[in-house]
Amino acid sequence: MSDPVRFLNAFAHSMGVMTLYPEGHPSREKAVDGAFEELEGLVSAGGPLPSFTFLEDEVVYGRERLRDLKSWDWGKRLVAAGIERLELERKVTREEFNGFLEEVLARLMLSTVDTTEARQMRSLGIRYGAVGLQGQDAIDPALDAAFSSLPTMTTLELTLGEEAETFRWLHNEVQSGGAVPLLEAEAVVRSLSVAMHGDSRMLLPLLKLKEFDQYTTTHSLNVAVLAMGLAESLGCRPKEIRAIGVSGLLHDIGKIRIPLEVLTKPGKLTDEERAIMNSHPIDGARVIMQSDQDLGMAATVAYEHHIMLNGGGYPVLHYKRECTMASRLVHVCDVYDALSTKRPYRDAWPSERTMLYLEDRAGTEFDPDLVTAFIRTLRQGQAQVRVLSDEPQQT
Ligand SMILES: [Fe+2]
Ligand SMILES: [Fe+2]
């Protein structure tokens with residue numbers, strides 16, 4: 001009988017044995033065989049291919065939370081080594097599985113060794129340090145030491161490629177009529193927060209902006225990071241911060257309904273195109289509501305993120321709507337990121353100009369307290385917050 005818990009135990013066992021015995025040693029081969037057999041069992045049981053998501057204190061198999069894993073403490077270690085998800089794309093061979101185990105082992109070991117190797121890991125886009133949003137206490141002292149001795153400028157070289165990839169996949173899922181995959185959205189947010197805290201600064205994704213869908217991806221990740229940074233500076237609790245991160249990530253999900261020619265049109269939109277464009281908040285809320293009840297905040301934010309403080313914006317309402325704090329917060333971050341990014345029809349605005357724009361409209365379009373807090377947060381992190389594009393950086 002196949003059993004994901006048995007696989008995880010065999011997997012952990014083989015990790016332990018692999019640290020003790022060299023390649024080719026019978027004990028090591030036996031342990032790998034054992035784990036591989038369990039994996040084969042899961043695959044041949046039919047249904048979707050095995051996928052595991054490692055959260056703070058639990059493991060999710062497919063969409064089901066695994067119980068009976070009380071004494072299994074590898075989830076935290078894997079997350080700390082930047083491995084939050086384990087997913088089989090197809091049936092793998094024993095050799096491929098062995099290669100995979102070696103890679104995981106290398107990541108687990110590298111994350112606690114010296115800074116040269118640690119830096120190499122970062123340049124590969126691998127994050128570590130299970131910092132999450134739990135504050136400094138959660139940092140392993142050894143990892144903390146590795147971080148603090150890294151030169152600060154080079155630590156910006158994270159591509160966040162995996163998060164972008166997951167977001168794109170999530171986007172396609174929704175586009176093809178599926179539900180919003182909550183676990184994956186949370187995994188992206190968690191991973192972004194690890195990246196943010198690992199650098200002890202706000203970090204915006206370094207991605208090429210050649211295609212539209214890449215713009216949406218970059219923009220969504222940026223808004224999630226900015227919104228979490230602002231929520232954190234306002235003293236929100238970790239759970240709220242994460243929910244705000246997910247809301248930021250999904251705020252424009254309604255754009256999946258907009259034809260690409262409208263979305264990427266460089267010139268002015270016709271009235272009809274404008275109407276299509278302006279329907280993304282309602283479509284987004286609808287898509288999210290159909291997906292998961294836990295995403296109530298994200299649905300509200302999707303609906304409200306273009307509504308101004310004075311009632312302007314869209315969707316056009318015939319009554320005064322008091323938008324939620326999360327929506328007002330995402331609204332500020334959304335505009336900041338949109339203006340700071342180069343678009344086909346205009347250059348990126350420098351940060352100072354964007355801040356002035358926000359201040360100018362504080363009290364009419366934006367919540368003034370949030371603008372103040374946002375600008376303070378940006379200034380504290382000054383020079384550390386950059387919206388990156390594929391344009392050569394001015395020096
Ligand atoms: Fe939007
Ligand atoms: Fe947006």
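Colleague: Is Glu304 buried or exposed, and at what relative accessible area?
Modeller: In this predicted model, Glu304 lies in helix 14 (residues 296-304). The cut-off for buried is under 20% relative accessible area. Glu304 is buried, with a value of 2%.

Colleague: Which residue meets the side chain of Glu304 in a salt bridge?
Modeller: The pair links distant parts of the chain, 17 residues apart. The partner is in the loop between helix 14 and helix 15 (325-340), and counts as partly exposed at 26% relative accessibility. The N to O distance is 2.6 Å, and the residue is Arg321.

Colleague: What separates Asp283 and Arg286 in helix 13?
Modeller: Asp283 and Arg286 form a salt bridge, with the closest N and O atoms 3.8 Å apart. Asp283 counts as buried at 15% relative accessibility, whereas Arg286 counts as partly exposed at 48%. Because the two are 3 residues apart in helix 13 (residues 280-291), the separation is about one helical turn.

Colleague: Is the site of the iron ion (ligand 1) tetrahedral or irregular?
Modeller: The donors to this ion are Asp252 (OD), His280 (NE2), His305 (NE2) and His306 (NE2), at 2.1 to 2.3 Å. Four donors count as tetrahedral if all angles lie between 85 and 135 degrees. The angles among the 4 donor atoms run from 85 to 174°, so the site is irregular.

Colleague: Which residue bridges the iron ion (ligand 1) and the iron ion (ligand 2)?
Modeller: The donor residues of ligand 1 are spaced D-x27-H-x24-H-H in sequence. The two iron ions lie 3.5 Å apart, and the bridging residue is Asp252.

Notes: Residues numbered from 1 in each chain as written. Chains lettered and ligands numbered in written order. Predicted model: local features only at pLDDT ≥ 70, side-chain atom pairs only at ≥ 80, totals over all residues. Heavy atoms only, no water. Donors = N, O, S within 2.8 Å, 3.2 Å for Na, K, Ca; no water. Tetrahedral: all angles 85-135°; square planar, octahedral: opposite > 155°, others 65-115°. Salt bridge = Lys/Arg side-chain N within 4 Å of Asp/Glu carboxyl O. Helix = DSSP H or I, 4+ residues; strand = E, 2+ residues; numbered from the N terminus. Buried < 20%, exposed > 50% of the residue type's maximum accessible area, 1.4 Å probe, protein only.
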